[in-house]
Amino acid sequence: MTITLVLSKKLFFNNEDQIIEQGKSSLKQLSKKYQCIILSNNSKRLKDQVSDFLNDDDNVYFLTRQHFRSIYNDNLEQLENESLYIIGCVQEDADIAFNFKRMLFHPTWIKDCSQKIKDYGHPVSSIESLIRATEIMAIHKSNYFTMDKSEQFIVTSIFNGNTFGNYVSNDEKAIREIFHMVLKKDKKRGFTE
């Protein structure tokens with residue numbers, strides 16, 4: 001299964017669109033494991049900057065946000081079941097994640113992220129924690145449990161509560177039981193306690 005990361009350019013480039021040293025190693029590290037799409041209005045200029053250390057087979061693509069939206073909309077049915085995550089810094093990245101109902105990550109090491117990213121993105125503190133989070137999401141993708149009550153009310157358990165059996169703490173068992181009651185037995189008790 002291919003995992004695609006849609007990344008803000010701020011993870012790798014400075015405000016003058018020059019690649020930073022840490023950005024080089026991070027991009028190389030991510031491109032070995034994932035298909036990477038970097039969003040920027042200056043996508044051609046950014047692509048030229050990485051040509052000396054990335055090859056065509058490194059799975060790194062540069063797109064404008066408008067071009068990405070267009071490709072996504074044209075292939076909506078095919079992409080609906082793909083593992084695609086947004087790692088954003090600007091409000092437009094959050095909007096893409098919301099519009100396409102995708103997991104949004106907030107790279108906390110980038111200081112000038114928009115408030116929308118900070119409020120709604122799942123915080124990750126480094127490239128390594130981003131890799132761990134995406135790997136966990138990929139492993140548990142088939143373990144989601146969802147209860148749809150209406151278009152406005154959907155409850156999803158991200159992980160299978162039975163994954164670790166009885167070898168978990170009492171707090172984890174209590175949380176697991178709440179999800180079990182709500183998602184499998186259709187009881188709302190867990191939301192009122």
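Six strands, in the order E3-E2-E1-E4-E5-E6, form an open sheet with parallel pairing, where two strands count as paired if DSSP finds at least two bridges between them. Helices (H or I, at least four residues) and strands (E, at least two) are DSSP runs numbered from the N terminus. The edge strands are E3 (60–63) and E6, each of which pairs on one side only, and neighbouring strands of this sheet are turned by 30 degrees against each other on average, direction ignored. This is a predicted model, in which local features need pLDDT of at least 70 and side-chain atom pairs count only at pLDDT 80 or more, while totals for chains, interfaces and linings use all residues. Residues are numbered from 1 along each chain as its sequence is written, and side-chain values use heavy atoms, with hydrogens and water left out.

Within the sheet, strand E4 (residues 83–87) has five of its five residues buried, so E4 is largely enclosed by the rest of the structure; buried here means under 20% relative accessible area, exposed over 50%, and partly exposed in between, with a 1.4 Å probe and protein chains only. In a regular strand the side chains alternate between the two faces of the sheet. In E4, Ser83, Tyr85 and Ile87 point one way, and Leu84 and Ile86 the other way. Strand E1 (residues 3–8) pairs with E4 in the parallel sense over five bridges, with Val6 standing opposite Ile86. E4 also pairs in the parallel sense with strand E5 (residues 104–107), over two bridges, and there the bridge partner of Ile86 is Leu104. Three bridges then join E5 to E6, which run parallel, and in E6 the bridge partner of Phe105 is His122.

Helix H1 (residues 21–33) packs on the sheet, touching E1, strand E2 (35–39) and E3, and its direction makes about 135 degrees with that of E2. H3 also packs on the sheet, where it touches E1, E2, E3 and E4, its direction making about 110 degrees with that of E3. Axes are lines fitted to C-alpha atoms, for helices over the stretch in contact, and angles run from 0 to 180 degrees between N-to-C directions.

The axes of helix H3 (residues 65–74) and helix H5 (residues 91–99) come within 11 Å and cross at roughly 5 degrees. H3 and H5 are therefore roughly parallel to each other, the term applying to angles under 35 degrees. Arg65, Phe68 and Arg69 in H3 meet Glu92, Asp93, Asp95, Ile96 and Asn99 in H5, contact meaning heavy atoms within 4.5 Å.

Leaving aside neighbours within four places in sequence, Leu27 is in contact with Phe12, Ile38, Val50, Phe53, Leu54 and Val60.

Two loop residues other than glycine have positive phi values. Asp17, in the loop between E1 and H1, has phi near 65 degrees and counts as buried at 3% relative accessibility. Lys101, in the loop between H5 and E5, has a phi of about 55 degrees and counts as exposed at 76% relative accessibility.

Definitions and conventions. Angles under 35 degrees count as roughly parallel, over 145 as roughly antiparallel, 65 to 115 as roughly perpendicular and the rest as oblique.
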